[in-house]
Amino acid sequence: LKLKLRPRRAGLAPFRPPGGATAAPPPPPSSPACGDSELLLAMAGRPINSTLKKQMQKAVIKHSDMETETKNEVLDIISGSVDKFAGAEGVNLEAASKLIKETLDKQYGFNWHCAIGKGFSYDVTAQNGTLLNCFYMGEYAVVVFKC
């Protein structure tokens, strides 16, 4: 079954899929502080509120097999490196990833790898207890591992 999605214009009836079933509209946000609605507002060019900005300054861990203490130290290194190379024209991702790699090599031994970017996937083989995947500043994915 293939459906064509078209933007809805004001005054038009909602799109009905074949078979007569009516597509249910998405539920309204439960409160004005709903995360999805604020992200949409940010993408629309409106300012982001301070609560969301504070949440974006923390690294959100997607996956990790590190111990808690090591994980916290690596997150501090990541946030410090990305913040150091953040400027008015954006973040210098290459310099930030190089600093993260060099810092981890000094603290935990050699052969650390770091990738920072938007919209990528990965499949790596890492030593046990050295893989960390997180998101920082709301849009940058960071993968750190040792092999």
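Does Lys101 count as buried, exposed or partly exposed, and at what relative accessibility? In this predicted model, Lys101 counts as partly exposed, at 31% relative accessibility. 

Lys101 forms a salt bridge with Asp105. The closest N and O atoms of this pair are 2.5 Å apart. Both residues lie in helix α4, and because they are four residues apart, about one helical turn separates them. Asp105 is buried, with a relative accessible area of 10%, a value under the 20% cut-off for burial.

In total, the structure holds two salt bridges. Lys118 and Glu139 form a salt bridge as well, with the closest N and O atoms 3.3 Å apart. This pair links distant parts of the chain, 21 residues apart. Lys118 sits in the loop between β4 and β5, and Glu139 in the loop between β5 and β6. Lys118 is exposed, at 52% relative accessible area. Glu139 is partly exposed, at 39%.

Negative charge also gathers on the surface. Glu67, Glu69, Glu73 and Asp76 form a patch there. Glu67 belongs to the loop between β1 (60-64) and α3 (68-84). Its relative accessibility is 61%, so Glu67 counts as exposed.

The largest nonpolar core has 19 residues. Ile78, Ile100, Ile116 and Val144 have the most contacts inside this core. Two or more residues each come from α3, α4 (93-108), β4 (112-117), β5 (132-136) and β6 (140-146). Helix α3 gives the largest share, five residues. In soluble globular proteins, nonpolar side chains tend to be buried together.

Note on methods:
Residues are numbered from 1 along each chain as its sequence is written. This is a predicted model: local features need pLDDT of at least 70, side-chain atom pairs count only at pLDDT 80 or more; totals for chains, interfaces and linings use all residues. Side-chain values use heavy atoms; hydrogens and water are left out. Patches are made of residues with over 30% relative accessible area and no salt bridge: like charges are joined within 9 Å, nonpolar side chains (Val, Leu, Ile, Met, Phe, Trp, Tyr) within 5 Å. Accessible areas come from the Shrake-Rupley method with a 1.4 Å probe; for residues, only the protein chains shown count as cover. A salt bridge is a side-chain nitrogen of Lys or Arg within 4 Å of a carboxyl oxygen of Asp or Glu. Lys and Arg count as positive and Asp and Glu as negative; His and the chain ends are not counted. The place of a charge is taken as NZ of Lys, CZ of Arg, CG of Asp or CD of Glu. Buried means under 20% relative accessible area, exposed over 50%, partly exposed in between (1.4 Å probe, protein chains only). A nonpolar core is a set of buried Ala, Val, Leu, Ile, Met, Phe, Trp, Tyr and Cys residues joined through side-chain atoms within 4.5 Å.
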